[in-house]
Amino acid sequence: KGYNLREEDFHIALDLLEENPGRLEEYAPSEPLYLQRKSVAPKSLNQQEYMRAIKEFDLVFGIGPAGTGKTYLAMAMALSYLQSKQVTRIVLTRPAVEAGERLGFLPGDMFQKINPYLRPLYDALFDLTPYEQANRLVERGIIEIAPLAYMRGRTLNNAFIILDEAQNTSREQMKMILTRMGFDSKLVVTADITQIDLPQPKKSGVLQAIKVLAPIKEIAFVYFNEKDVVRHPLVGKIIKAYARAESKSV
């Protein structure tokens, strides 16, 4: 009542009708997040569940393939919480693991070498926030973007923390970041377990966390699939094709 339905609302309802018709009558469209640069709303059923989980739980794992909105929606939620003064800062981090490259061979000092690995976080931030304002927030330390190694020994109170690309954390790193949470903080962990760049993929920290933390009811796990991809239409088909090929090779 009083809500203007969007095209995405119909797509979500159709997905629900296909996957679980019995729950269709429970479905209610989500109000968009109104940020300073744009409004953001879920474009699939899993995205809606993800945003709901972030509101209801202090620790949320978003797991799924590239392009499903895991990082982007987490960033939008973080900015919404900062805008409404539910947190006083945002901390964005990801492991600096090379996807087939060696940091030592890249030019520049350590910050310049690490910066490309943090670029996707900057991309999401600048897409959602006016460029000059985003830079001011970063300069004042209200938004911090740093490699995962910089989180050791800290306690992050009253913060919205996003750990991106968590599939590339070691088990020790994952335990370390999960125990950085302080009072009045939220932590969102995003991961694509089909793209692990570690030398020993089975030792990924996120794979262990999924098993170890699953019994804890205060932690939410939201899983995405190719239906949630919001990039070029071909991306979803590419993800599905690789998934089929990999399942045959196992």
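In which helix does L234 lie? L234 belongs to helix 8 (residues 233-249), where helices (H or I, at least four residues) and strands (E, at least two) are DSSP runs numbered from the N terminus. The structure is a predicted model, in which local features need pLDDT of at least 70 and side-chain atom pairs count only at pLDDT 80 or more, while totals for chains, interfaces and linings use all residues. Residues are numbered from 1 along each chain as its sequence is written, and side-chain values use heavy atoms, with hydrogens and water left out.

**Surface patch**

L234, I238 and Y242 form a nonpolar patch on the surface, and together they have about 330 Å² of accessible area. Patches are made of residues with over 30% relative accessible area and no salt bridge, like charges being joined within 9 Å and nonpolar side chains (Val, Leu, Ile, Met, Phe, Trp, Tyr) within 5 Å. Accessible areas come from the Shrake-Rupley method with a 1.4 Å probe, and for residues only the protein chains shown count as cover. L234 itself is partly exposed, at a relative accessible area of 48%. In this scheme buried means under 20% relative accessible area, exposed means over 50%, and partly exposed lies in between (1.4 Å probe, protein chains only).

**The sheet and its packing**

Six strands make up an open sheet with parallel pairing, in the order 5-4-6-7-3-8. Its edge strands are strand 5 and strand 8 (219-223), each of which pairs on one side only. On average, neighbouring strands of this sheet are turned by 15° against each other, direction ignored. Two strands pair if DSSP finds at least two bridges between them. Strand 6 and strand 7 (residues 186-191) run parallel and are joined by four bridges; I161 stands opposite L187 in strand 7. Helix 7 (residues 205-213) packs on the sheet and touches strand 3 (59-63), strand 7 and strand 8, its direction making about 125° with that of strand 8. Axes here are lines fitted to C-alpha atoms, for helices over the stretch in contact, and angles run from 0 to 180 degrees between N-to-C directions. Contact means heavy atoms within 4.5 Å.

Helix 6 has the buried residues M174, M176, I177 and L178. These buried residues pack against strand 3, strand 4, strand 6, strand 7 and helix 7.

**Salt bridges**

Seven salt bridges are present in the structure, a salt bridge being a side-chain nitrogen of Lys or Arg within 4 Å of a carboxyl oxygen of Asp or Glu. Three of these pairs are tabulated below.

| Pair | N to O distance |
|---|---|
| R52 and E49 | 2.4 Å |
| R94 and E165 | 3.1 Å |
| E144 and R154 | 2.8 Å |

R52 and E49 are three residues apart in helix 2 (residues 45-56), and are therefore separated by about one helical turn. R52 is partly exposed at 31% relative accessible area, and E49 is partly exposed at 31%. E49, R52 and E56 are linked in a network of salt bridges.

The side chains of R94 and E165 also meet in a salt bridge. R94 lies in strand 4 (residues 89-94) and E165 in the loop between strand 6 (159-163) and helix 6 (171-178), so this pair ties together parts that are 71 residues apart in sequence. R94 is buried at 8% relative accessible area, whereas E165 is partly exposed at 27%.

A further salt bridge joins E144 and R154. E144 is in strand 5 (residues 143-147) and R154 in the loop between strand 5 and strand 6, so the pair ties together parts that are 10 residues apart in sequence. E144 is partly exposed at 22%, and R154 is partly exposed at 22%.

**Loop residues**

V97 is located in the loop between strand 4 and helix 4 (110-128). Leaving aside neighbours within four places in sequence, V97 is in contact with Y117, N168, D197 and L198. V97 and I196 are 99 residues apart in sequence, with their C-alpha atoms 9.6 Å apart in space.

S204 occupies the loop between strand 7 and helix 7 and is buried, at 0% relative accessibility. Not counting residues up to four places away in sequence, S204 touches A166, Q167, T169, R171, I196 and L198.

Most residues other than glycine have a negative phi. K85, although not a glycine, has a positive phi of about 60°; K85 lies in the loop between helix 3 (70-83) and strand 4 and is exposed at 74% relative accessible area. D184 is likewise not a glycine and has a positive phi of about 60°. D184 lies in the loop between helix 6 and strand 7 and is exposed at 63% relative accessibility.
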